[in-house]
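Subject: Structure handover

Hello,

Here is the structure I promised to pass on. Please open it beside this email and follow along.

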Amino acid sequence: MNDQSPPPGWTPRDPDTPKANTPKANTGPPAGRAPGPGPDPRTGPTAGSTTDPETGRNRNRKRTGWRRAFPTWRMLLAGILLVALLIGGALIAGYLLVDIPPANATATAQSNLYLYADGSQLARDGEVNRVNVALSQVPRTVQETVLAAEDRDFYSERAVDPKAMLRAAWNTLAGRGTQSGSTITQQYVKNYYLGQEQTVKRKAKEFFIAIKLGREKSKDYILEGYLNTSYFGRNAYGIQAAAQAYYGKDVGRLTTAEGAYLATLLNSPSAFDVVAHPQSRGRALARWNYVLDGMVKKNWMTATERAAVRFPEPGKVRPAAGLSGQRGYLVEAVKDYIVEHKIVDDKTLSEGGYRITTTIDKRRQNAIVAATDKQLIGKLDPQTHKADRVVRAGGVSIDPATGKVVAMYGGLDYTKQYVNNATRHDYQVASTFKPFVFASAVDNDARTQDGRRITPNTLYNGDNKRRVVGTRIPYAPENEGQQSYGDITVNTATDLSVNTVFAQMVVDVGTEKVKRTAIALGIPEDTPNFDPGPAMALGTLQASVLDMTQAYATLADHGRYTPYTLVDKISKGDEDVRLPDRAPRQAVSREAADTTTSMLVSVVDNGTGTAALAAGRPAAGKTGTAELDRSAWFAAYTPDLVTVVSVMGQDPDTGALESLYGALGEDRLGGGGYPARIWAQYTKTALAGSDPLDFDLELQQGAVPSPPPFTPNNPEQPPGTAPLPPVPPSRPGRPQRPTPPTGGQDQGGQDGGETTAGQDTGGRTNGGQSDAGTDSGTTAGTTAGNTSGSTSGSTSGTGTGPGGALAGTTAGVLGGTGAGRRPPSRYLE
């Protein structure tokens with residue numbers, strides 16, 4: 001038989017039936033066709049097909065176009081479930097695998113070893129000061145101040161706060177500063193069980209240990225541990241040690257205000273110590289207020305009680321005896337550098353174990369101490385001169401080629417006076433800022449109000465209380481001693497530190513431009529009172545001695561800024577700690593820096609800084625005397641060493657800034673006096689054994705033209721005076737000046753009146769300031785140097801005061817006309 005029966009379950013297709021109405025039971029192959037994987041074109045899809053019975057469309061068709069770039073909802077759901085399973089498994093595994101470890105090394109912190117640049121030991125610190133107390137011994141309000149500062153929901157929250165951790169991570173990534181999302185439990189775990197290192201591994205351990213600790217221990221147990229392990233600064237671990245270190249009392253006697261200040265220190269132990277860092281007082285007070293306001297918000301204190309609270313001044317620092325003398329100042333300066341440059345945070349550094357090689361040159365460090373002691377400290381006699389009790393000194397020396405701080409003088413003794421005078425920011429820098437104004441003028445090709453280019457020989461009016469023009473701010477500064485000079489050159493104005501000239505110049509250049517130049521040279525932008533106004537030219541900002549040394553080092557290195565450093569190497573165990581990059585950059589043009597240097601050479605040769613000649617080296621410098629004579633400065637450099645010295649007045653009991661009037665038996669202390677003498681002795685010793693270097697200067701075009709004739713204020717020669725001796729040749733290392741016509745200005749007006757008779761005879765031969773006690777070497781001023789310089793070069797005048805008036809440099813140094821004589825040295829900065 002040829003007729004075959006259809007397979008079981010097969011329903012023959014009626015040719016008149018449409019495809020769409022084909023019964024679903026038609027799952028077998030058509031008659032006369034072998035079974036196969038594909039559909040028969042006559043009968044439609046095969047069994048298992050996802051063809052829609054209504055439309056006939058294949059529901060398994062491939063996605064095309066943009067849809068292929070996105071996963072399906074099934075894939076997304078599967079992925080989320082997989083991630084959740086992995087996270088859950090990791091959390092469970094972490095919780096089971098991470099045990100609560102024994103106390104870490106912080107509980108028995110090690111010492112840090114500080115070395116001089118040659119590897120010899122400078123100091124060792126880090127001895128642990130900790131006394132544990134029970135939570136019941138800490139007043140309730142003091143506990144609440146800590147909670148208000150660090151974790152206000154401590155008693156109601158879990159051991160970890162994932163939302164806070166994510167928020168902190170986001171803020172850190174967004175550039176809003178490094179923030180902590182840790183609870184007090186996490187911080188306690190970090191302090192006591194782990195360490196301060198910022199690693200993912202440490203953070204993960206902290207997370208799991210905190211969860212486990214939160215389940216196993218009470219909140220009171222954790223808070224007690226946190227209070228006993230936290231670092232409060234002043235080498236104080238735990239709140240009992242902190243209470244003694246800051247207020248000299250046990251923790252049980254702390255007031256709410258004192259507790260709030262100690263809680264403030266937890267945020268930044270070193271920076272918020274208002275005694276050690278007076279410049280941070282504003283930030284510390286803001287944090288203290290934040291703590292107290294938080295207590296009001298949590299109803300731990302009433303608004304009335306809050307209004308009655310006053311800031312509790314902490315007591316003096318009592319440093320370890322091993323840090324006496326200058327060692328403590330050096331160690332603290334190095335620690336501040338490490339923390340501020342984010343090399344190691346202060347809590348991690350406090351754990352100890354670091355070997356820190358500093359840049360301090362032991363020989364030069366001894367030299368700056370010896371010079372300060374001989375020229376200033378050894379001469380103080382508070383029994384004879386009451387003002388001597390307020391005298392302080394600070395100094396810093398930098399190698400301009402490398403930016404390394406090679407010496408620092410911080411004060412009388414670290415164990416007696418804690419604040420480092422070399423790094424503090426509460427004294428005006430006075431006229432030592434004026435060179436930055438001129439450097440900015442050259443760098444910006446600035447011009448006067450009437451369009452004349454500003455060079456060392458540009459004429460300015462130097463009359464006392466002359467109103468500054470070109471600004472909406474009314475300003476008419478006084479010159480030292482109320483002296484008026486008439487039209488004088490910028491070079492002369494720098495020699496004599498004429499305020500009215502530089503107040504006008506800073507407006508001519510542009511106050512914002514001058515501020516940018518100062519910042520480029522190395523003055524920190526956040527320096528107190530760094531306001532861009534006409535008064536800025538007179539040094540109203542409060543930069544530290546270290547900051548000013550940095551800026552002058554940039555001038556010394558031809559305008560190239562190399563960030564200073566106090567650290568050569570840091571290691572812990574076998575690992576070296578990475579130090580910040582200090583690649584040099586050109587801050588101002590070489591022409592601007594070198595032309596400024598040429599004028600500062602003149603200050604030392606002919607102006608207010610002649611005491612620096614005792615160093616026996618080519619030098620450039622500037623003197624400065626702050627408002628009310630609260631500080632006197634001398635900032636100067638040779639080609640290979642930059643040093644700034646400041647003498648300051650401060651009440652030893654209250655810490656208030658005081659005037660130096662009457663100190664050391666003198667009416668005034670100027671920058672050309674004791675600071676310049678300290679500079680000269682130190683520089684001579686520090687550079688002993690090396691050949692003197694000359695300044696290699698590339699000057700601004702037109703910076704050294706031939707001087708115009710000088711017309712004195714009083715051309716008549718008093719009878720009985722001898723003609724001036726000839727002009728000596730320029731000394732090596734100083735820019736050669738043009739030779740004026742015979743009988744011209746330099747011979748009679750400057751070199752004859754001041755340099756030859758007033759300075760060479762009295763200043764150099766007889767010791768200048770050391771003998772006469774004035775800025776310009778006036779020992780011979782009353783006998784041979786009291787000239788007033790005339791067109792013939794032989795006119796002389798009559799000396800005034802104990803050291804002579806040293807006229808003869810009448811406003812006419814390097815050209816220009818003057819209305820008065822050189823004032824007595826007591827009127828010069």
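Two residues are in contact when their heavy atoms come within 4.5 Å. Keep that in mind for the packing below. One caution first: this is a predicted model.

Start with helix α16, residues 499-509. How many of its residues are buried? The count is 11 of 11, so α16 is largely enclosed by the rest of the structure. Buried here means under 20% relative accessible area. Just after α16 comes Gly510, with a positive phi of about 115 degrees.

Now look at the nonpolar cores. The largest one has 91 residues. Which members touch the most others? They are Phe433, Phe436 and Met505. Helix α18 (residues 545-556) gives the most to this core, with 8 residues. Leaving out residues up to four places away in sequence, Met505 touches Val437, Phe438, Ile454, Tyr460 and Val490. There is a second, separate core of 49 residues. Among its members are Leu135, Ala148, Phe154 and Trp288. As background, nonpolar side chains tend to be buried together in soluble globular proteins.

Next, a helix pair. Helix α14 (residues 434-443) and helix α19 (residues 590-606) have axes that come within 8 Å. They cross at roughly 140 degrees, which makes α14 oblique to α19. The crossing is right-handed. On the α14 side, the contact is made by Pro435, Phe438, Ala439, Val442 and Asp443. On the α19 side, Glu591, Ala592, Thr595, Thr596, Met599 and Leu600 take part. These contact residues divide into 7 nonpolar, 2 polar and 2 charged.

Last, Asn479. It sits in the loop between β8 and β9. Is Asn479 buried or exposed? Its relative accessibility is 3%, so Asn479 counts as buried. Not counting residues up to four places away in sequence, Asn479 touches Gly462, Asp463, Asn464, Tyr485, Val498, Asn499 and Thr500.

Best wishes

Technical notes. Residues numbered from 1 in each chain as written. Predicted model: local features only at pLDDT ≥ 70, side-chain atom pairs only at ≥ 80, totals over all residues. Heavy atoms only, no water. Axes fitted to C-alpha atoms, helices over the stretch in contact; angles between N-to-C directions. Helix = DSSP H or I, 4+ residues; strand = E, 2+ residues; numbered from the N terminus. Parallel < 35°, antiparallel > 145°, perpendicular 65-115°, else oblique. Left-handed = near helix turned anticlockwise from the far one by under 90°. Nonpolar A, V, L, I, M, F, W, Y, C, P; charged D, E, K, R; others polar. Buried < 20%, exposed > 50% of the residue type's maximum accessible area, 1.4 Å probe, protein only. Core = buried A, V, L, I, M, F, W, Y, C linked by side-chain atoms within 4.5 Å.
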